[in-house]
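Thanks for coming. I have one structure today, and I will keep to a few residues in it.

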Amino acid sequence: MPAIRRTLVFSAALTALLGYAAPVLAQSPALDAPMILSDSGPTDPHGDPLNATSANWAGYAATGHRFTSVHADWVQPAANCDTTDTWSSFWAGLDGDGSSTVEQTGTMADCSGGSPRYAAWYEMYPAYPVDFSDPVAPGDHLSASVTAGAGGQFTLVLSDQTRNWSHTVRKTLRGARLASAEVIAEAPSSGTGVLPLTDFGTVQFGSATANGQAIGTFSPAQIAMAAQGGATKAATSPLSSGSDFSVAWQHH
């Protein structure tokens with residue numbers, strides 16, 4: 001398996017505005033630099049894009065405020081595998097946009113040798129990620145939250161309500177800027193660039209909140225994942241009730 005990093009890649013213009021996320025589920029030191037794609041659409045009163053295109057993120061990212069909590073629920077999608085090795089992850093997190101730290105937790109759905117693989121994890125970058133040993137399967141109802149306290153203290157909670165397990169992790173990461181809150185479906189990257197995205201069908205996210213409010217309160221960027229040639233890899237739906245949306249796979 002190639003070394004993996006899970007990093008937000010925006011356009012040069014968006015990188016100037018938001019920066020890029022530190023790796024998630026990295027299995028080696030950072031190997032690749034941000035790629036260049038284009039953003040689109042209007043901006044909010046803070047000048048942040050309301051619509052964006054990324055090489056490896058799809059979902060919503062809120063910026064322009066200090067964020068101390070994020071939460072989201074989702075249903076674990078199935079990995080539809082052929083002979084191609086592919087990767088995907090689904091998570092809620094703080095930081096990563098406009099900051100060099102990231103605090104996040106979620107699940108993954110990969111294909112290896114034609115077989116699906118599922119796992120749950122958390123990461124406090126720049127520390128390496130940690131996988132949980134509990135099983136995850138398609139159709140499971142997951143709930144994730146990340147909360148920042150005083151002195152760089154963070155509490156990360158990931159629960160599988162279907163399989164009745166939950167993990168609460170308390171870690172310290174000093175210097176976190178608390179610059180963003182996001183709920184994301186992601187394609188990881190390796191030293192050769194963004195890896196093929198697992199065909200996960202559609203993942204349904206719900207109850208997405210930041211600072212205890214619907215994430216839509218903060219006019220977050222609606223991010224579509226696209227290949228460098230412009231073809232959409234994963235499409236993000238508009239927000240419903242300010243907190244519910246879906247991400248639909250389009251191609252590897």
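Is Phe-245 buried or exposed? Phe-245 has a relative accessibility of 3%, so Phe-245 counts as buried; buried means under 20% relative accessible area and exposed over 50%, with partly exposed in between, using a 1.4 Å probe and protein chains only.

A word on the source: this is a predicted model, where local features need pLDDT of at least 70 and side-chain atom pairs count only at pLDDT 80 or more, while totals for chains, interfaces and linings use all residues. Residues are numbered from 1 along each chain as its sequence is written, and side-chain values use heavy atoms, with hydrogens and water left out.

Now the rings. Rings of Phe, Tyr and Trp (its six-membered ring) pair if their centres lie within 6.5 Å; planes under 30 degrees apart are stacked, over 60 edge-to-face, the rest tilted. That rule gives eight aromatic pairs. One of them is Phe-90 with Phe-200: the centres are 5.2 Å apart and the planes at 85°, so the pair is edge-to-face. Phe-90 is in strand E5 and Phe-200 in the loop between strands E14 (193-194) and E15 (202-210), so the pair ties together parts 110 residues apart in sequence. Strands here are DSSP runs of E, at least two residues, numbered from the N terminus. Both Phe-90 and Phe-200 are buried.

Back to Phe-245. Phe-245 and Phe-205 form a stacked pair, 5.0 Å centre to centre with 25° between the planes. Phe-205 is in strand E15 and Phe-245 in strand E19 (residues 245-249), so this pair links parts 40 residues apart in sequence. Phe-205 is buried too, at 3% relative accessible area. Tyr-60, Trp-74, Phe-205 and Phe-245 form one aromatic cluster.

Note on methods
Helix = DSSP H or I, 4+ residues; strand = E, 2+ residues; numbered from the N terminus.
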